[in-house]
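Subject: Structure for your review

Dear colleague,

I am handing over the structure we spoke about, and I would be glad if you could look at it alongside the notes below.

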Protein chains: 4
Amino acid sequence: MMLFESWTNSINLDLRETMTELELTDRSAYITWTQDIVRYRDLDPNGHVNNGAINQYFEDGRVHLRDERMVGLDENLLRGFAIKKFTAIYHAALSYPATVDIGSVVTRIGNSSFVLGQGVFDGERCIATADVISVFFDAGTGSSISLPDPVRAALESAQPKV
Amino acid sequence: MMLFESWTNSINLDLRETMTELELTDRSAYITWTQDIVRYRDLDPNGHVNNGAINQYFEDGRVHLRDERMVGLDENLLRGFAIKKFTAIYHAALSYPATVDIGSVVTRIGNSSFVLGQGVFDGERCIATADVISVFFDAGTGSSISLPDPVRAALESAQPKV
Amino acid sequence: MMLFESWTNSINLDLRETMTELELTDRSAYITWTQDIVRYRDLDPNGHVNNGAINQYFEDGRVHLRDERMVGLDENLLRGFAIKKFTAIYHAALSYPATVDIGSVVTRIGNSSFVLGQGVFDGERCIATADVISVFFDAGTGSSISLPDPVRAALESAQPKV
Amino acid sequence: MMLFESWTNSINLDLRETMTELELTDRSAYITWTQDIVRYRDLDPNGHVNNGAINQYFEDGRVHLRDERMVGLDENLLRGFAIKKFTAIYHAALSYPATVDIGSVVTRIGNSSFVLGQGVFDGERCIATADVISVFFDAGTGSSISLPDPVRAALESAQPKV
């Protein structure tokens, strides 16, 4: 499967900077929110929530953004996304039980890709932040293609308010 | 819990560059290897392995490195690590069933932190690569501390051969 | 590790019947409740929540019961439990997104073991029910031992109201 | 979704006994085998493999049986299965690292359902056994239907040898 291979070189042209300038540890940075409940199964042998569980919270933030902003779009449009690069910074340990808030904001829109800023919060405490680069591709050919207009409009609606 | 908070500013001083210059998509970059078997539960609704499952393979690569190179070290020494920053690039889609190889190599050693380069391979095909910054801290105070000599020696043994 | 082996024969003497007579598909059967939020990662390739994810909800119900009813008990007392037998019936498919309610009730208390009845609900719809036999053992010897009085009292507080 | 509801009453007629008479803790009981590698993420705060991870190994045993015995069958036939009842007995604790063997055998075939016996082994040590009742249904109507002949033949090929 050739998927992604051709993106590696083009991604830097498409998104000149990948880390956002927003302060992602600050709740005010985010446009849309969802929640997850920490599970016992999220815990590591050390008694803290495993980083992989925190990454699931980020994933739920992304799916929530898609469900909230892209409802009504052709299902085929939505299948065309794949995560190309995922960067997470873990700021603080998280315990069980807890309910976490996941904030998401679109920080950059390129020709065929976009960057999402995300944060996981336990109350006011920022547990982790992430920058996630997703690429839009043609499921048939596996090549990246320009963001369709309705997808671009949906992403723009989740950019920071000025 | 104050864990990690004080690291955010100091980490850049400790590790001036975080992305390695090794070509992590090339199997020859790695010093130590382990394996994982893809599970049905790793699959997403789209039928491909979820990125979070791939991140579990990276985790097993890290634990393998620790078990292989740091066996015999005081258990308390080993509890002092936490991942500070995790950066993954997803290069190709992975299907079920498969057995993957996970390669790891220490690419940089700072005063209290180090960087690991990792790759997940399905045969010769590189599925994903990662750069992982871990910090060593005092579990009592939550502050980062210098890497103890035996830990430093173990990390040096997993650096690229010149 | 010899853990559990000696229980296999004795468990049937300890708990003559393992399936409860309560109607576990009915919300009124339960004494204590907690919640979980369905995650995207819970989904199977067929788009429904995987049975293993539902089993995580059951686990959170059990941990909730312990945290709610046994708070203040010596930590060592609580480490002495292990699940011996887990029986789940899956009644209906579950989709994403959803928030589920997990009900738990102690249905039988033996000498060294007890049975928990559990149900996962999506609103009024019963998704799955479970009967879970746990055994209390001495962590040092691995042998089952009589339920300590404070544990027994806590379990009795979670039996059905008559 | 009405899926499953109508099965609850009919299942007992279809399968008069659900627990097998095979000694499932004995490796010789099984017809087909697959493997899983224990992951660090499988561990609980107590340092043992979580029951839910063991249930994933059982799932891989079932998918392996399907892939091995039903290859070439129409994809729509295979989508028609759902687990109705899952019963697991946990015999011994499992640690990391380990590679486990998962054995499966068809122990009973009814009109629209069948029972699978399964075992997870760490070498000669039996970690857990399971009895799993699956029902075949029409994806369109959600009603259970008779096992199609090619499915029945595949299941018969995985019954115990006499």
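This is a predicted model: local features need pLDDT of at least 70, side-chain atom pairs count only at pLDDT 80 or more; totals for chains, interfaces and linings use all residues.

Residues are numbered from 1 along each chain as its sequence is written, and chains are lettered from A and ligands numbered from 1 in the order in which they are written.

Chain A holds 4 helices and 5 strands, where helices (H or I, at least four residues) and strands (E, at least two) are DSSP runs numbered from the N terminus. Along the sequence these elements of chain A follow the pattern α-β-α-α-β-β-β-β-α. Of the 162 residues of chain A, 47% count as buried, a residue being buried if 20 or more other C-beta atoms, placed from the backbone, lie within 10 Å of its own.

Helix α2(A), residues 51–69, has 14 of its 19 residues buried, so it is largely enclosed by the rest of the structure.

Strand β2 of chain A (residues 81–90) is mostly covered, as 7 of its 10 residues are buried. β2(A) runs antiparallel to β5 of chain A (residues 125–136), to which 9 bridges join it, two strands being paired if DSSP finds at least two bridges between them. Within that pairing, Ala88(A) has Ala130(A) in β5(A) as its bridge partner. β2(A) also pairs in the antiparallel sense with β2 of chain B (residues 81–90), over 5 bridges, and there Thr87(A) stands opposite Thr87(B).

In chains C and D, 10 strands form an open, antiparallel sheet in the order β1(C)-β3(C)-β4(C)-β5(C)-β2(C)-β2(D)-β5(D)-β4(D)-β3(D)-β1(D). β1 of chain C and β1 of chain D stand at the edges with a single partner strand each, so one side of each is left without a neighbour in the sheet.

Turning to chains A and C, a rotation of 180 degrees with 0.0 Å of shift along its axis superposes chain C on chain A with an RMSD of 0.0 Å, which is the relation of a two-fold axis; the superposition is by least squares on the C-alpha atoms of residues with pLDDT of at least 70 in both copies. Among the residues of chain C, Ile37(C) comes closest to the rotation axis, its C-alpha being at 2.9 Å.

The contact takes 10 residues from chain C and 10 residues from chain A, with residues in contact if their C-beta atoms, placed from the backbone, lie within 7 Å. On the side of chain C that touches chain A, α2(C) gives the most, with 4 residues. Since 100% of the interface residues of chain C are also interface residues in chain A, the copies meet through the same surface.

With best wishes

Methods. Two residues are in contact if their C-beta atoms, placed from the backbone, lie within 7 Å. A residue is buried if 20 or more other C-beta atoms lie within 10 Å of its own, exposed if 12 or fewer, and partly exposed in between; C-beta atoms are placed from the backbone.
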